[in-house]
Amino acid sequence: MSDYRYLLFPGRHHVLTRFQASYLREQLATRLTPDAMVIWAVTSANHHTTKRNPVPFNRREAAIERFSVLEDVPSLVIPVVDTPPTEDFAEVTVKAVTAGTDDRITPSPADTLVACSTPEVSALYEKLGFEVVGIELDSAQKPLRPWDILLMVASGNNEWREEAHPATVDVFDRYRLDLQIVACVNDPVVGDDGGLTTTRDYKTYAEAFETAADRKWLQIKDFVRPGRILDIGCATGATLELVDRDPRFHESDLIGVEVARHLFAECEHKKAQGLFTNPNVFFYQRNMLGSTVFSPRSIDTTLTLALTHEIWSYAAESRPATVARFAAGLFAHTAPNGVWINSDVCGPSEPDRKVALTLDDSDGSNPAETADLTGMTGPAAADVVGRLSTRARFVQFARDFRRNADVPFAYSERPDGSFVLRLADAMDFLTRKDYVDNWLSETHEQFCGLTFDAWCDVARTAGFTIDPASTAWRNDWIIDNRIAPVAAIANPLNASPLPWPTTHQLLVARRPA
């Protein structure tokens, strides 16, 4: 027997296995001191409800503690916050154990054996001088790894129960984590780490939502009904903060749903910091297209602010079918006399009208070829696009929009340098051309996929009636400050100037009593 007092076991530990139990018992019996302890360093502990980390840390910890009791394996559970890929991963984990035990335990090669089945990670510990055992890699049986078992859960293969340890089976069954894993791993919209795209700069988005919250609240506040108020796509929770400050709603339940992990974390941070006076504020990290979250007829007001164009854009199936299903779900959970308030962009009323679009080519560079931004990071793409003139940016947008949003975006170039194309396509470019910091993300989205009238039809088909206050409107600040200085549209037949179309909508849809 060696003198190792600790067995450091880093990993995400979503699933504990029967093989792990026998392996750890063997190591404790043959390689460690009688008073030895297993240190479970649970990585990505701040992630949950994502493809890569579908099980929350508290449920993983519960299973480990139950495993420890059932197998008589003395254990410590240490959460390790997710870090970007780094050669210092092993050192970060060791320091997390030190911090997590209030400096009582600092694993070292002299007193700690490391258990790890990922060769690349094992090499990082070996570089620090630790002896590493390979768990599944050491076994001639070649047992299934925990992630393989989790994928069995996601696929609906009930044989996972034979491979998983009873502690995991128990926790999964009590909290129905199998359903959560199925929803997360198979979600067609959300990425591995809980975002819509891997290139989105959520800091920029968070700042934009915070800035716009006051303006949007002034637009919608008179239509909000007290009771259970739901904000889908709540971003940083800024709108719910304003609802919270309104005395009309001090007895209401305020509920925020946000799919993006980064934004959801900010919501929970605000709540923890006491920014809400209402004690009945709740946040969920969910994709509302993936499952029913709320009971039928249980929500008095549903807010969707700058959301429905994303529902349209990221549809994994037919886009019309997806928004119809989304609206039907909203209708199902809306209480009698309840309301759905949708404030978002929309397409012009004549989307297919042909226009001649003239763009400034003096406000940046005009390269002969567009750039291939495939695989670039957001900042690298921003650097390329940010140097382009408005005209060159249009050509770049066409290339990226076709690829990322999977839309035709057809146009022709005339001898005078103008482009002839659909009005809706022109406005899709003009309303997005300045979003350089999130270019790769924004070119996944189609602002002008549906007109205001078409969105009204979606709501009516679901069962709602349309309030007369509903309207399409034009954001003149964007027109005057962002679009008109560098662009003009005209009738392609006689070159007569055309007015700028509507850009946004306020849709107030009510469920009859």
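User: Happy to start with strand E3: which residues does it span, and is Ile78 within it buried or exposed?
Analyst: In this predicted model, Ile78 sits in strand E3, which covers residues 75–80. Leaving out neighbours up to four places away in sequence, Ile78 is in contact with Ile39, Trp40, Ala41, Val42, Ala96, Val97, Gly100 and Thr101. Its relative accessible area is 4%, under the 20% cut-off, so Ile78 is buried.

User: How far apart in space are Ile78 and Ala140?
Analyst: Along the sequence, 62 residues separate Ile78 and Ala140. Taken from C-alpha to C-alpha, the distance between Ile78 and Ala140 in space is 30 Å.

User: Which side chain does the side chain of Ser117 meet in a polar contact?
Analyst: Ser117 belongs to the loop that links strand E4 (112–115) with helix H4 (119–127), and at 14% relative accessibility it counts as buried. Beyond four places in sequence, Ser117 touches Gly134, Ile135, Glu136, Leu137 and Arg145. The polar contact, at 3.3 Å, is with the side chain of Glu136.

User: Which residues touch the most other members of the largest nonpolar core?
Analyst: This core holds 41 residues. The elements giving two or more residues to it are strand E1 (4–11), helix H1 (18–30), strand E2 (32–43), helix H2 (57–71), E4, helix H5 (146–155), helix H7 (166–175) and helix H8 (177–185). The members touching the most others are Leu7, Phe9, Trp40, Phe67, Trp160, Phe172 and Ile181.

User: What does Phe9 touch beyond four places in sequence?
Analyst: Phe9 is one of the core residues that touch the most other members. Its contacts beyond four places in sequence are Gln20, Leu24, Val38, Ile39, Trp40, Ala41, Ala115 and Ile135.

User: How many residues of helix H15 are buried?
Analyst: Helix H15 runs over residues 390–405. Its buried residues include Phe394, Phe397 and Phe401, along with Arg391, Arg393 and Asp400.

User: Where is Ala495, and is it buried or exposed?
Analyst: Ala495 lies in the loop between strand E16 (487–490) and strand E17 (504–510). Its phi is positive too, near 65 degrees. A relative accessibility of 55% is over the 50% cut-off, so Ala495 counts as exposed.

User: Where does pLDDT stay under 50?
Analyst: The protein averages a pLDDT of 92, with 94% of the residues scoring at least 70. Where pLDDT is low, the predicted coordinates should not be read in detail. One stretch, for which the model has 45 contacts beyond four places in sequence, stays under 50: residues 190–202.

Definitions and conventions. Residues are numbered from 1 along each chain as its sequence is written. This is a predicted model: local features need pLDDT of at least 70, side-chain atom pairs count only at pLDDT 80 or more; totals for chains, interfaces and linings use all residues. Side-chain values use heavy atoms; hydrogens and water are left out. Helices (H or I, at least four residues) and strands (E, at least two) are DSSP runs, numbered from the N terminus. Buried means under 20% relative accessible area, exposed over 50%, partly exposed in between (1.4 Å probe, protein chains only). A polar contact is a pair of N or O atoms within 3.5 Å; within protein, one must be able to donate a hydrogen and the other to accept it, and residues adjacent in sequence count only if both atoms are side-chain atoms. Contact means heavy atoms within 4.5 Å. pLDDT is the predictor's confidence in each residue, from 0 to 100. A nonpolar core is a set of buried Ala, Val, Leu, Ile, Met, Phe, Trp, Tyr and Cys residues joined through side-chain atoms within 4.5 Å.
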